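Please open the model in your viewer and keep the selection tool at hand. The tour below goes from stop to stop, saying what to select and what is found there.

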Amino acid sequence: MPEPGQGAERASGQGRLVDNLMFFARTLRAAGLPIGPGRVIEALRAVETVGLGRREDLYWTLHAVFVNRQDQRPLFDQAFHVFWRNPQLLERMMAMLLPSIGRPENEDDREEISRRLAEALRREGPDAAPLGSPEQEEDEVELDATMTFSDRELLQKIDFEKMSAEELARAKRLIAVMRLPIMEVPTRRFRPDPHGRRIDMRATLRASLRAGGLATLKRREARRRHPPLVILCDISGSMSRYSRVVVHFMHAVTNDRDRVFAFVFGTRLTNITRLLRHRDVDVALDRVSERVEDWSGGTRIGHCLATFNARWSRRVLGQGAVVLFISDGLERDADAVLGREMERLHKSCRRLIWLNPLLRYDAYEPKSIGAKAIMPHIDDFRPVHNLTSLADLTGVLARPGQRRMEGVSQWMQQRRA
Amino acid sequence: MTRLIPKSVDETLDLLTGGRYVADRSLATALYLGLRLGRPLFLEGEAGVGKTEIAKVLAETLGRRLLRLQCYEGLDVASAVYEWNYPRQMVEIRLAEAAGDRSRESLGSDIYSERFLIKRPLLQALEADPAGAPVLLIDELDRTDEPFEAFLLEVLSDFQITIPELGTLRAAVPPIVVITSNRTREIHDALKRRCFYYWVDYPDAARELEILAVKVPEARTELSRQVVGFVQKLRKVELFKLPGIAETIDWTQALIELNQVALDPKAVDDTLGVLLKYQDDIAKIRGSEAAMLLDQVKSELAAAGRHA
């Protein structure tokens, strides 16, 4: 990108449309709209087509080219009104803004690098052995390796809440490599399969022409694909120790497959899917903690679910999603909202699984008002307090549910017995 | 009757008005750009705000053929683009075998000729038409899955389709493409980038009144004003599904059928199902809430009347 001053000079000197458009596009880009150079050319063509007769037309022409999501509209609106009233004003603003927009990123990078560097250096130190160490200490390596193994076994069973900082860090590393196979469901797309249940007419005819005369029937079978996965995680005070680990888990899952949507909620709901997309777990988590304002605060499960149902359910639950609801069910506002919203959520997804850290206590009974409201509307009920329980999730998700509320009714039966 | 593509935003607006579609100038601008520069128009918005209607009106006023591709999950090439007519192909093969007069190669090229091709909307849209390029409506694109979206991307950028047995078919004149989405899923940026984007919003009261006057001319002014006032109020309430313009029109027609000359709480309660489509929403509004909204509407209208 050229220096901002340079573009400004040309714009003020010649005042040409092209320059103005380029500069406007750059403003929008700096404001965060994804605009490539190709769009500027399009914008130019569009403006030439419509003409510059009316300010309103110019607005909607540029809007049609530069905006392609509804939520970009307010940004565009502001930029347009500031820019086309007085480009010079904007230049000055840009000159002031641009460096400061650029800088934090660089600083972040540097910070990131230095942290990485620090970690890399630390790896050379004594506790680095599990990750593999220099060759000269072969005996010790072996010893360390076995220790790591038993260590890991031990780690599997420790409650996240009781882990030391170092244990927690190691648990997070294990989570990072965790994979979560979700069951696959048939889609309406097909692939050739000699033992398929449907006849593939196109392939049959093609084959018979090759062979001369009608030959054997070719068959096809429905392609299978995992349904979308939606994770709703409670980050209120009572969950804080778990939710920090679970967010790592969410990051691992989000990066492992497509169609995963991640939300966190305390007093309000935040969609963190895009933030978690970043490959590097540290960067992703930094972004999340920057964005989410209600860590370790109160809980308003019912209210947050209502927001989810109203704003997101139609967008992310569309194609038969599986929902993981991670919460201890301790609700601050106990009223009818929670039950009603839970019911709606249950009825709009394929499967709703409640992961509850409190379930680690054998004597746990869903007696709190929140839990009572949630219980009638879930399909499965699982603990989530240590690595084993996270790994066990695999077993639940890998096969399709036999019927609704399967897991819950089993759990209830065991309770009674 | 074929009309030429409008030459300015004003003409586009006139065209839509001529088709009894009341549009904002902003929409006319986006549409004009799409028509002029031969690019798809991407319309996004809540259900019932008149997205599909735009394509219909366009086809009607321009005198073009309307081809509609309704999207659904798992929509594939066989139902969107083309399919071979297998039963006829098999009969042809049997006949050729019985006659024994044709070589395998010539039979092969006969079987895969246009006679046996069933054309679906996307392929039809590429065909030359004496009335001019057709209007291709790709409705509710958000309902399909990503693979189809990727395929569409290819078609929309070059307006050509390859059929392995026949070769590549290319549109002499690109069709007028209108894509709609209810945003139940975010459409990929790559596809949107090839289109002119427009978000169809709920209209304001004055615009909605205009629409009602065009669509339900038999409604009395008083009733229309009250209906629009009520619906506008309703859109400010937190509901799961807000009523669109389609619902406003339906509701007005329903009230006329019931011989209502003005709104009263009982009539609202009885016909609320026309306006709201979720039981939770109906339960929330029915009764006191509806009566309260209605009172507000009536007093506001009375106040406006005194000023006038």
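Predicted model: local features only at pLDDT ≥ 70, side-chain atom pairs only at ≥ 80, totals over all residues.

Residues are numbered from 1 along each chain as its sequence is written, and chains are lettered from A and ligands numbered from 1 in the order in which they are written.

**Chain A as a whole**

Select chain A, whose secondary structure comes to 17 helices and nine strands; helices (H or I, at least four residues) and strands (E, at least two) are DSSP runs, numbered from the N terminus. Of its 417 residues, 32% count as buried, where a residue is buried if 20 or more other C-beta atoms lie within 10 Å of its own, exposed if 12 or fewer, and partly exposed in between, with C-beta atoms placed from the backbone. Among the contacts in chain A with a separation of 6 or more, 71% join residues 24 or more positions apart; two residues are in contact if their C-beta atoms, placed from the backbone, lie within 7 Å.

Two packed helices are described by the angle between their axes and the distance between the axes. Select helix α8 (residues 165–176) of chain A together with helix α10 (residues 240–256) of chain A: their axes come within 9 Å and cross at roughly 25 degrees. Axes here are lines fitted to C-alpha atoms, for helices over the stretch in contact, and angles run from 0 to 180 degrees between N-to-C directions. α8(A) and α10(A) are therefore roughly parallel to each other, given that angles under 35 degrees count as roughly parallel, over 145 as roughly antiparallel, 65 to 115 as roughly perpendicular and the rest as oblique. To see where they meet, display A:Ala171, A:Lys172, A:Ile175 and A:Ala176 in α8(A), which face A:Val245, A:His248, A:Phe249 and A:Ala252 in α10(A) across the contact. By class, this contact of α8(A) with α10(A) has six nonpolar, one polar and one charged residues; Ala, Val, Leu, Ile, Met, Phe, Trp, Tyr, Cys and Pro count as nonpolar, Asp, Glu, Lys and Arg as charged, and the others, Gly among them, as polar.

**A sheet in chain A**

Which order do the three strands of the open sheet in chain A take? The order is β1-β3-β2, and the pairing is antiparallel, where two strands pair if DSSP finds at least two bridges between them. β1 (185–192) and β2 (198–199) of chain A stand at the edges, each with a single partner strand, so one side of each is left without a neighbour in the sheet. Select β1(A) and strand β3 (residues 219–225) of chain A to see a pairing over five bridges, and look for A:Phe190 opposite A:Ala222 in β3(A).

**Where the chains meet**

Now show both chains; the contact takes 34 residues from chain B and 31 residues from chain A. On the side of chain B that touches chain A, the largest share, eight residues, comes from α2(B), and the residues of that side divide into 16 nonpolar, six polar and 12 charged.

**Stops in chain B**

Select B:Val155, whose place is in helix α8 (residues 146–158) of chain B. With 20 C-beta neighbours inside 10 Å, B:Val155 counts as buried, and, leaving aside residues up to four places away in sequence, B:Val155 touches B:Leu122 and B:Ile161.

Finally, select B:Asn259, in the loop between α12 (245–257) and α13 (265–275) of chain B. Most residues other than glycine have a negative phi. B:Asn259, although not a glycine, has a positive phi of about 60 degrees, and with 7 C-beta neighbours inside 10 Å B:Asn259 counts as exposed.
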